[in-house]
Amino acid sequence: MEIKIRLARPEEAERLAQIEAECFPPAEAASREAVLSRMKKFPENFLVAEEYGKVVGFINGGTTDKPYLPDAFYHDINMHKPDGAYQTVFGLNVISPCRRRGIGEKLVRGFAALARERGKAGVVLTCKKEKIHFYEKCGFVNYGLSDSCHGGASWYDMRLIF
């Protein structure tokens, strides 16, 4: 079955919150309320992967003028600047039965293409060490250990500059 990448619909916010809770440890996952408020604040920055009419993954993030993703942004959606130079990635989520099938890569590449179409300078994110290779495969460059301590984990700054 072909995976369809498309903008999320407002009525899918609850499902996205469920997927977020499944894909990240509790200390790192956005709360249901956070996912719902992000969907209201920047719905244009949510892409979903759909298979057989069901959402199996999504990617989202705000936009900023900074070429990095500060921890404060996860908790303060008012830091979102619709005309900011950089698209951030708050989270890439694919449900476990659908992993290792290229869906995450399709979401990342689709999100980057959307950011490029919108005239952004690039896409920025933080990831754990074991995900560096995945993002490098998608064209990102590792800028080393991040200042982030989100969820008590170690994170790496990754950038895809257009």
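Visitor: In this structure, which residue forms a salt bridge with Lys-137?

Guide: The model is a predicted one. A salt bridge needs a side-chain nitrogen of Lys or Arg within 4 Å of a carboxyl oxygen of Asp or Glu. For Lys-137, the closest N and O atoms are 3.4 Å apart, and the partner is Glu-105.

Visitor: Which helices hold Lys-137 and Glu-105?

Guide: The salt bridge joins Lys-137 and Glu-105. These two lie 32 residues apart in sequence, so the pair ties separate parts together. Glu-105 is in helix H4, and Lys-137 is in the helix of residues 132–137, which is H5.

Visitor: Is Lys-137 buried, partly exposed or exposed?

Guide: Buried means under 20% relative accessible area, and exposed means over 50%. Lys-137 has a relative accessible area of 48%, so the residue counts as partly exposed.

Visitor: What is the N to O distance in the salt bridge of Glu-2 and Lys-106?

Guide: The cut-off for a salt bridge is within 4 Å. The side chains of Glu-2 and Lys-106 meet in such a bridge, with an N to O distance of 3.9 Å.

Visitor: How many residues apart are Glu-2 and Lys-106?

Guide: Glu-2 sits in the segment before strand E1 (4–7). Lys-106 belongs to helix H4, residues 103–117. The pair therefore links distant parts of the chain, and the separation is 104 residues.

Visitor: Is Glu-2 buried or exposed?

Guide: The limit for exposed is over 50% relative accessible area. Glu-2 has 57% relative accessibility, so this residue counts as exposed.

Visitor: How many salt bridges does the count come to?

Guide: Another pair is Arg-32 with Glu-33, whose closest N and O atoms are 3.8 Å apart. There is also a network that links Arg-6, Arg-9, Glu-12 and Glu-50. By the 4 Å rule, the count comes to eleven.

Visitor: Which strands stand at the edges of the open sheet?

Guide: Four strands form the sheet in the order E1-E2-E3-E6, with antiparallel pairing. An edge strand has a single partner, so one side is left without a neighbour in the sheet. That is the position of E1 and E6 (91–94).

Visitor: What is the average twist from one strand to the next?

Guide: The sheet is open and made of four strands. From one strand to the next, the twist averages 25°.

Notes
Residues numbered from 1 in each chain as written. Predicted model: local features only at pLDDT ≥ 70, side-chain atom pairs only at ≥ 80, totals over all residues. Heavy atoms only, no water. Buried < 20%, exposed > 50% of the residue type's maximum accessible area, 1.4 Å probe, protein only. Pairing = 2+ DSSP bridges. Axes fitted to C-alpha atoms, helices over the stretch in contact; angles between N-to-C directions.
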